Amino acid sequence: MRQWMLRITAYAEKLLADLDTIDWSDSLKEMQRNWIGKSEGAEVVFEIDGTRIRAEEEYEKVTVFTTRPDTLFGATYMVLSPEHKLVRSITTQAQRAAIEEYQKITASKSDLERTELAKEKTGVFTGSFAINPVNRERIPIWIADYVLASYGTGAIMAVPAHDTRDFEFAQKFNLPVVQVVEPPAGKDWQGFTDDGVAVNSDFISGLPTQEAKKKITKWLTDRKLGKKTINYKLRDWLFSRQRYWGEPFPIIWKKDAAGNLYHEALPESSLPLLPPTLEDYKPTADGQPPLARATDWLHLPDGSLRETNTMPQWAGSCWYYLRYLDARNTGAFVGKDVEAYWMGKSEVTKPGVDLYVGGTEHAVLHLLYARFWHKVLFDLGQVSTAEPFYKLVNQGLILGEDGQKMSKSRGNVVNPDDILVEYGADAFRLYEMFMGPLQDSKPWNTKGVEGVYRFLGRVWRLFVDETSETEFEQAETTATDKANVKLLALIALNASIKDVPASPGQLKPLHTCIKKVTEDLDAMRFNTAISAMMVFISEAMKWEIQPVSVLATFLQLLQPFAPHLAEELWSKLQALQAGAPATSLPYTAWPKYDAALLVEAVIEIPVQVNGKLRDVIKVAITATAAELEALALKNENVQPYLAGKTVKKVIVLPKKLVNIVAV
RNA sequence: GCCGGUGUGGCGAAAUGGCAGACGCACAGGACUUAAAAUCCUGGGACCAUAAAAAGUCGUGUGGGUUCGAGUCCCACCACCGGCACCA
């Protein structure tokens, strides 16, 4: 079957290097690094003994990949993957049956079986020998399924003394183990896989691992027996599917004069290419993808044929954030100006998507694929930035009430719809933000929703007159038209809310709250921002008169957390404020706090003796270090702890604390 | 096995190296009520003590270390969560 691949491996290096330029969590970056799996090493060419008849002929050769070329002198055998193309030609007559049997067994195993049954090493000797290029030693060539055809060259040199897998294999099949690395004192050289010093290795003996690698790689390169190589675990991306639902490829197939097929991209003028309407979405009888059923669509007037594979689901998720910027643009996938405005860097916007919040389940696939597409578009000059998502936050998983992952089988699923009906969207939203840090996984607790629901109730009662609410409720029960919005007009504000200037004692808690909420929003610490608002409300409930200006500012702070409630109360407040323009909350300027209002005249200073708290004293904020020290030393709760001791030192931090060191 | 993260009351959690447990849940006591719900007030880490308190001792997974002072910094270990896993 002919399939399409995207050459993501060509971007492996950029995808890896640019991780350093983006603000993602370490764990996420690490997952991508592991997925890309860069490893530096060398390819080494081994000749196969007995594969030439005359001296002037070349031997058959096998190339292996190793990250430890410095251990080449310790290679005591070689392993090819069972699928390696040379296996057939080098297998001797005596070994042929055993080899073919082993290949058959391997082929019948799934990838999963091959790795899960990995405890015990298996393999078969081919009967042939390779020649170690550094010392001309003959080493046996085996095949074994612990060597993967898809990685490196599909062949390895085995150094059992310094590789765990090779060591296990050598033990099982009684192959020789030769030490070529001297570990640090106290460690056994057998199975030692870290860096050490080369031994028994001719011209690299005595060199530390890193230098030994360089020297032997150069030696091999000079003699054309090998070269420095970088390998990636990242594979090219199989990008076609044989089903209907997916974007069709804008590709057509033609025949040249000799009758050979070749393909061409559709011109930009015939984009976007839409899928044809089909009655039947199944593949054709002869195994063609469903699109082949649309004969009118399939055949172009000039005799060429359309590609019938479709793209996988990933295709859309790789660029949707760009299309969203300019979704109605019929001339391009996104307008250049629009793209530059939203994705480019400016004084107000960060480069790329400002903030991307998503779950870890996308850590390697979606997030790597999207970065790849974006980089291709960037190299084509179609987008302004090299990365799509400079700042990314993984929200934590909400677990069931039992602390387990929610799942139907466990029966611990909480349906948001039920919560919305019971407590409303504001309470639901507020609770999710209040539960704890955004990035953490944490268990759901419906009682906790009641807590924030009660807080919203307190906010409501701070603003709304109770008797008017009762009237509203009665009117609502008797009303014939339940949806009558005018009934809401019955709800009146508390008489204690007045358009009067705020006192310093009222401004201080307000500005404390503005500061905390502002800072916490920036750092996405929603839980502590909400806590600050709870503290403010408890305070404001104690006041006899609530100035409109103070409550209005509070609503601005509440708006991002509980938008519906805040907007409703805001509209009521505006009626009280003479000449206030009728604006909607999200369009008002975010409040600023006045640091001067937060300063305390008298503060509490903890007094410690040898680091232990003994008293707290109240002092003027202006108290000097000398005054604090004097006050602390003569403090009656402190005195007993100084009795019979000498004061060695007194640590005084004005506005902070006093610590007396006494021995 | 390797990589990343997290360990603080009964529970969710706070805490620029400086009063551990803010805020919330659950719980207990009280007020209002004929009663309940709702609401409001009060209490609360553990231990020891007491009629009740005060005072005291211990306390942020475990063991060390740095510091006048460590939940916070350093070293070792344990447990849990997530990811990768014969990648040479």
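These are my notebook entries on a predicted model of a protein with RNA strand B.

**Ground rules**

The model is predicted, with local features needing pLDDT of at least 70 and side-chain atom pairs counting only at pLDDT 80 or more, while totals for chains, interfaces and linings use all residues. Residues are numbered from 1 along each chain as its sequence is written, chains are lettered from A and ligands numbered from 1 in the order in which they are written, and side-chain values use heavy atoms, with hydrogens and water left out.

**Entry: the RNA**

I looked up which residues come nearest to RNA strand B. Ala, Val, Leu, Ile, Met, Phe, Trp, Tyr, Cys and Pro count as nonpolar, Asp, Glu, Lys and Arg as charged, and the others, Gly among them, as polar.

The side chain of Asn527 has an N or O atom 2.9 Å from a phosphate oxygen of RNA strand B. For Ser531, I noted 3.2 Å to a sugar or linking oxygen.

**Entry: backbone**

Most residues other than glycine have a negative phi, and most peptide bonds are trans. I looked for exceptions. The peptide bond from Leu271 to Pro272 is cis, with omega near -5°. Pro272 sits in the loop between β13 (261-265) and α8 (295-298). Helices (H or I, at least four residues) and strands (E, at least two) are DSSP runs, numbered from the N terminus.

Asn174 has a positive phi of about 60°. Its loop runs between α6 (164-173) and β8 (181-182). Is Asn174 buried or exposed? Asn174 is exposed, at 72% relative accessibility. Buried means under 20% relative accessible area, exposed over 50%, and partly exposed in between (1.4 Å probe, protein chains only). Asn200 has a positive phi too, near 50°. Asn200 is exposed at 52%.

**Entry: pockets**

A pocket is an open set of points on a 1 Å grid over the protein atoms alone, where a 1.4 Å probe fits, with protein on both sides within 12 Å along at least five of seven lines; lining residues have an atom within 4 Å of a point.

The largest pocket is lined by 37 residues, and Pro250, Leu271, Met311, Trp319 and Phe333 lie nearest its centre. I sorted its lining into 28 nonpolar, five polar and four charged residues. The largest share, four residues, comes from α12.

The second largest pocket is also lined by 37 residues, with Tyr146, Val147, Leu148, Tyr151 and Arg165 nearest its centre. Its lining has twelve nonpolar, twelve polar and 13 charged residues.

**Entry: cysteines**

How many disulfides does the structure hold? I found zero (a disulfide is a pair of cysteine sulfur atoms within 2.5 Å). Cys318 is buried, at 0% relative accessible area. Cys513 is buried at 2%.

Key
Near = heavy atom within 4 Å. Polar contact = N/O pair within 3.5 Å; in protein donor to acceptor, adjacent residues only side chain to side chain.
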